[in-house]
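Take a look at the model first, and then we will go through it in questions and answers.

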Amino acid sequence: MSHSKRPQAIPTGPEREQQIYAMALGGGKPSVPVPLELLEQKAKEILSTRAYDYVAGGAGGEDTMRANRAALYRWRIVPRVLRDVSKRDLSVELLGARLPAPVLLGPVGVQEIVHSDADVASARAAASLGLPFVLSTMSSRTIEEVVQSAATVAESPRWFQLYWGKNPELTASMVQRAERAGYSALVVTLDTHSLGWRERDLHHGYLPFMLGQGLANYFSDPVFRGLLPQPPEQNPMAAIQLWGSLFSNPELTWKDIGFLRKHTRVPIILKGILHSNDAARALDAGVDAIIVSNHGGRQVDGGVGALDALPDVLREVHGRVPVLFDSGIRRGADVLKALALGARAVLLGRLYMWGLAVAGEEGVRDVLLNLVADLDLAMALSGYMSCRELDASALCRSDSA
């Protein structure tokens, strides 16, 4: 968009350190705590118990959440020395766009329970740094509103994440709205045709969508509204009940991917691939990229750690499409490990939600600046100048985790 400004340059790791130390000399500090344990604790203090548990929790006994972190811990970085790392380049090419760092803000629904500015704040923070933002179908602000607000900050890639429901006309409408609004890719989440058994949410009896939260894209959609005898503004309970009847679709199969291709021209990305056979089916279906993800451990308890699944998927794909990674990313070292194993970029979830809870748009931005600075320093101190140099030789496996 011609009226958009250029994103700000992301400081290097040493530059970010100096910014923080300089702030301290003047009596200031970043908008969010730098130690991640303190960041999450601060968010927990701010949020209601049920909102915090909705974001923090996982499926069942949350074994898969622990497996995600354990999988990352099993790979250890082996630093190299006496290499010229005076200048680093963290940029990566992804679906025709050059990203300043291999980091995307992944789709997180119902952000209004975390902060009143919700998805708009997160999208604006991403845009200010030129990093992609992936808007959830279950967003608190509409497809169009998020684009309009973020585009006034700076132009950067925006993708739309689709929860594929029972009504094909509604699915097509959502996809076409996103394309018209300028979203440059469609991320189809495959692992949520039913909600996982989430003990924390069940304990609270809390599902925010049943309160009408996170349904902005449904309530604003002409197809959805046309299915209602009264507009959602007049009868919100009937609208919520209609959403509940249409949201999930466990009957979808690989043959249905063709339906999406008929209704959009943008790249199609499948999120939730963990098995090499599914990666092969995705390639056969002609998708443009894959995201290795277990939904941050929120769907299947006792599931494989996402990083443990990454190598087999990459061997199957063999460079034919980009493979991205999420589930468990917290620090720069985690990003380095995923890239070294072959991921093109990573997506964040809970990490930026804690920043949003603590300080809104500024909090998300500071979380991103800190993560990229941490990655930059991890690469430099390990002997690497660019993401392109990273491969499995940068790591060793430790099975004592």
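Q: What is the volume of the largest pocket?
A: This is a predicted model, where local features need pLDDT of at least 70, side-chain atom pairs count only at pLDDT 80 or more, and totals for chains, interfaces and linings use all residues. Residues are numbered from 1 along each chain as its sequence is written, and side-chain values use heavy atoms, leaving out hydrogens and water. On a 1 Å grid over the protein atoms alone, a pocket is an open set of points with protein on both sides within 12 Å along at least five of seven lines, while a cavity is a set where a 1.4 Å probe fits but cannot get out. Points are joined across faces, edges and corners, and a volume is the space filled by probe spheres set on them, which for the largest pocket comes to about 640 Å³.

Q: Which residues lie closest to the centre of the largest pocket?
A: A lining residue has an atom within 4 Å of a point. The largest pocket has 30 such residues, and the closest to its centre are Thr189, Leu190, Asp191, Thr192 and His193.

Q: Which strands each supply at least two residues of the lining of the largest pocket?
A: Helices (H or I, at least four residues) and strands (E, at least two) are DSSP runs, numbered from the N terminus. For the lining of the largest pocket, the strands are strand 7 (186-189) and strand 8 (268-273).

Q: How many charged residues are in the lining of the largest pocket?
A: Ala, Val, Leu, Ile, Met, Phe, Trp, Tyr, Cys and Pro count as nonpolar, Asp, Glu, Lys and Arg as charged, and the others, Gly among them, as polar. The lining of the largest pocket has 13 nonpolar and 13 polar residues, and its charged residues number four.

Q: What is the volume of the largest cavity?
A: There are three cavities of 30 Å³ or more. The largest cavity is lined by 34 residues, with Pro107, Val108, Gly109, His295 and Arg298 nearest its centre. Helix 3 (49-56), strand 11 (346-348) and helix 16 (350-382) each supply at least two residues of this lining. The volume of the largest cavity is about 550 Å³.

Q: Which helix gives the largest share of the lining of the second largest cavity?
A: The second largest cavity has a volume of about 60 Å³. Among the residues that line it are Thr137, Tyr163 and Leu246. The largest share, three residues, comes from helix 7 (residues 168-181).

Q: Are helix 15 and helix 16 parallel, antiparallel, perpendicular or oblique to each other?
A: Axes are lines fitted to C-alpha atoms, for helices over the stretch in contact, and angles run from 0 to 180 degrees between N-to-C directions. Helix 15 (residues 332-340) packs on helix 16 at about 60 degrees, with the axes 7 Å apart. Angles under 35 degrees count as roughly parallel, over 145 as roughly antiparallel, 65 to 115 as roughly perpendicular and the rest as oblique. Helix 15 and helix 16 are therefore oblique.

Q: Which residues of helix 16 does helix 3 meet?
A: The axes of helix 3 and helix 16 come within 10 Å and cross at roughly 155 degrees. That makes helix 3 roughly antiparallel to helix 16. With contact meaning heavy atoms within 4.5 Å, Tyr52, Val55 and Ala56 in helix 3 meet Arg350, Met353 and Trp354.
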